[in-house]
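Please open the model in a viewer and keep a selection panel at hand.

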Amino acid sequence: RRWAHNIPTFSHLNSVNEEDIAHFSSILAPTSILSTLSSVSTPADDIAPYNVDWMGKYHGQANSVLRPRTTQQVSEIVKYCAQRKIGIVPQGGNTGLVGGGISLQKEIVLSLGAMNNVRSFDPVSGVLVADAGCILQSLSEYIAPHNHIMPLDLGAKGSCQIGGNISTNAGGLRLLRYGSLHGTVLGLEVVLPDGTILDQLSTLRKDNTGYDLKQLFIGGEGTLGIVTGVSILTPPAPQATNNIFLALPRFDNVLPLFQTVKRQLGEIMSAFEYIDRTAYDMGLQHGLGPLLSADEVGDSQCFVLVETSGGNQDHDLEKLNNLLESLLTADEPLINTGVLSQSPTQFNSIWALREGLTECVQKEGKPYKYDVSVPLADFQNVVDAVRERMISKGLYGDHAISKVMGYGHVGDGNLHLNVIAKHGYRPELEAALEPFIYEIVAERKGSVSAEHGIGSMKRDALHYSKSEISIEWMRKVKQVFDPLNIMNPGKVLP
Ligand code: FAD
Ligand code: MLT
Ligand code: ZN
């Protein structure tokens with residue numbers, strides 16, 4: 001298989017100049033334009049956050065950022081950029097982990113953050129219609145008084161936007177229960193790369209009137225158009241939620257445990273998350289937990305968080321208590337120990353340990369993050385193989401890669417393999433990791449991106465998970481929507 005990190009060049013695109021800014025000033029209020037060009041002279045510090053991703057791994061070169069307030073404004077901006085051949089990078093909350101929302105050269109950043117109104121909510125159907133720039137957590141808070149929840153939840157909820165979630169087809173912690181955005185999104189409003197507004201903001205549950213175009217923008221990573229409005233089905237809040245945290249003596253027990261838990265909890269199981277020992281210890285070092293005493297944990301190799309969401313607290317608690325008891329009293333117990341949350345505070349701290357891992361990783365150093373789908377039975381040997389490789393290359397230890405760990409959404413077959421470079425990113429570390437990891441994933445017929453997307457990080461690794469024919473048809477789709485290649489150029493497609 002081919003492997004090369006090609007740095008794309010955009011000779012077909014123009015940089016933003018003073019005249020362009022003057023034109024944008026006829027569309028937008030002055031406060032909606034940030035630019036280092038002299039007519040605006042935004043301080044570099046104000047533009048900087050739009051030019052670096054959450055990890056500090058990808059650095060952009062945009063000299064201008066536009067923050068439209070309406071779909072009409074987005075449309076006019078895009079129309080102009082198409083005429084002038086200016087590249088556009090749509091940006092939401094900038095929490096993406098694959099460098100998709102950062103400009104590669106001088107493309108303009110179009111930030112959706114100022115489009116943040118709820119358009120409607122129907123408490124009977126649970127359909128929420130909102131601007132793309134609404135922050136996920138704000139939407140959760142908006143519908144909470146109506147006893148509804150968002151069908152997705154992720155650690156980045158306080159910053160990520162619903163338009164960004166849709167554009168990355170974010171998975172997260174509730175996918176096991178409510179399915180992917182391909183099912184819960186009912187409609188989208190999208191500004192296409194020529195500036196046309198595609199209004200498919202349907203609130204219908206069922207609509208089989210031909211090709212379902214909106215699906216292309218779910219996970220489109222801003223390469224086919226700019227999502228400006230979203231219609232999404234929100235489920236009723238469960239009457240009872242509980243969670244348990246289990247310590248397992250060895251990884252081999254995870255699969256049988258998953259089967260046992262599914263069988264015993266049935267319809268009330270809503271999450272099944274995995275944390276390996278390295279990740280757990282790291283969480284503890286950074287002040288998460290402890291959920292269990294050190295004696296109880298002993299030499300447990302890994303941990304599992306199970307959440308239930310059901311209709312009756314007594315019924316669910318009885319099921320969970322029976323589950324714990326049967327696990328602990330089995331002839332050959334699958335777990336060393338476990339704890340059932342006894343209060344909302346404890347429920348939250350169990351979740352905090354799992355959700356907080358991403359931030360802990362960030363505090364440890366600079367992370368190489370691989371978000372892969374592989375068969376569940378292979379989770380641990382993938383992590384071990386990477387650690388062994390770094391050891392064999394003399395790159396393991398505080399001087400180079402200080403930690404290799406795995407956590408993730410076991411219930412969805414999604415492993416987050418995190419490799420921490422204690423003192424920062426270095427080309428020789430990346431060269432030891434890639435394409436090695438992508439090859440391991442391909443050997444297992446997995447996916448090089450389970451939920452974070454391709455962005456610019458995995459553009460050249462796409463072929464490890466997609467056939468030549470698939471890539472060829474993806475290119476054709478891109479060509480149909482964006483023949484000028486102005487929309488998030490250099491992302492997704494090699
Ligand atoms: P951005 O980072 O701004 O953009 C992401 C991509 O979408 C870019 O390619 C951008 O060009 C495009 N884009 C953004 N908005 C639009 C729009 N309106 N129209 C068109 N294109 C657009 N991801 C998961 O899947 N599951 C998780 O559990 C999860 N947990 C996370 C936890 C933390 C702490 C962090 C930092 C990230 C996590 N992520 C997770 C990754 C990230 O949060 C998600 O991918 C999120 O959906 C990105 O949303 P955003 O608004 O920040 O998008
Ligand atoms: C998660 O599940 O925690 C997120 O996808 C972020 C990460 O991979 O760290
Ligand atoms: Zn995840």
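A residue counts as near a molecule or strand if one of its heavy atoms lies within 4 Å of it. This is a predicted model, in which local features need pLDDT of at least 70, side-chain atom pairs count only at pLDDT 80 or more, and totals for chains, interfaces and linings use all residues. Residues are numbered from 1 along each chain as its sequence is written, chains are lettered from A and ligands numbered from 1 in the order in which they are written, and side-chain values use heavy atoms, with hydrogens and water left out.

**Stop 1: ligand 2**

Select ligand 2 and display its surroundings: Leu97, Arg354, Thr358, Lys369, Tyr407, His409, His416, Glu451 and His452. Next, display the polar contacts, each being a pair of N or O atoms within 3.5 Å; within protein, one atom must be able to donate a hydrogen and the other to accept it, and residues adjacent in sequence count only if both atoms are side-chain atoms. Which side chain places a polar atom 2.7 Å from an oxygen atom of ligand 2? That side chain belongs to Arg354. An N or O atom in the side chain of Lys369 is 2.8 Å from an oxygen atom of ligand 2, and a polar side-chain atom of His416 lies 2.9 Å from an oxygen atom of the ligand. Taken alone, ligand 2 exposes 260 Å², of which the protein buries 86%; accessible areas come from the Shrake-Rupley method with a 1.4 Å probe, and for residues only the protein chains shown count as cover.

On a 1 Å grid over the protein atoms alone, a pocket is an open set of points with protein on both sides within 12 Å along at least five of seven lines, whereas a cavity is a set of points where a 1.4 Å probe fits but cannot get out; lining residues have an atom within 4 Å of a point. A molecule sits in either if more than half of its atoms lie within 2 Å of its grid points. Ligand 2 sits in the largest pocket.

**Stop 2: the zinc ion**

Select ligand 3, the zinc ion, together with His409 (NE2), His416 (NE2) and Glu451 (OE), which coordinate it at 1.9 to 2.1 Å. Donors here are N, O and S atoms within 2.8 Å of the metal (3.2 Å for Na, K and Ca); water is not among the atoms, so sites may look incomplete. Along the sequence, the donor residues follow the spacing H-x6-H-x34-E. His416 lies in strand E16 (residues 414-421) and Glu451 in the loop between helix H17 (436-443) and helix H18 (468-481), so the pair ties together parts that are 35 residues apart in sequence. Helices (H or I, at least four residues) and strands (E, at least two) are DSSP runs, numbered from the N terminus.

Are His416 and Glu451 buried or exposed? His416 is buried at a relative accessible area of 6%, and Glu451 is buried at 12%. Buried means under 20% relative accessible area, exposed over 50%, and partly exposed in between (1.4 Å probe, protein chains only).

**Stop 3: ligand 1**

Select ligand 1, which is surrounded by 36 residues, the closest being Pro90, Gly92, Gly93, Thr95 and Gly96. A backbone N or O atom of Val227 lies 2.9 Å from a nitrogen atom of ligand 1. In the side chain of Asn488, an N or O atom is 3.1 Å from an oxygen atom of the ligand. On its own, ligand 1 has 960 Å² of accessible area, and the protein covers 97% of this.

Colour strand E3 (88-91), helix H5 (162-168) and E9, the elements that give two or more residues to the shell around ligand 1. H5 gives the most, with five residues. Ligand 1 sits in the largest pocket.

**Stop 4: Ser231**

Within strand E9 (residues 226-233), select Ser231. Its relative accessible area is 0%, and Ser231 is buried.

**Stop 5: backbone geometry**

Centre the view on Gly289 and Pro290, whose peptide bond is cis with omega near -5 degrees. Pro290 is placed in the loop between helix H10 (277-285) and helix H11 (294-297). Pro435 is in the loop between helix H16 (427-433) and H17.

Finish with two non-glycine residues of positive phi. Lys445, with phi near 55 degrees, is found in the loop between H17 and H18 and counts as exposed at 77% relative accessibility. Val492, with phi of about 70 degrees, is in the segment after H18 and is buried, with a relative accessible area of 10%.
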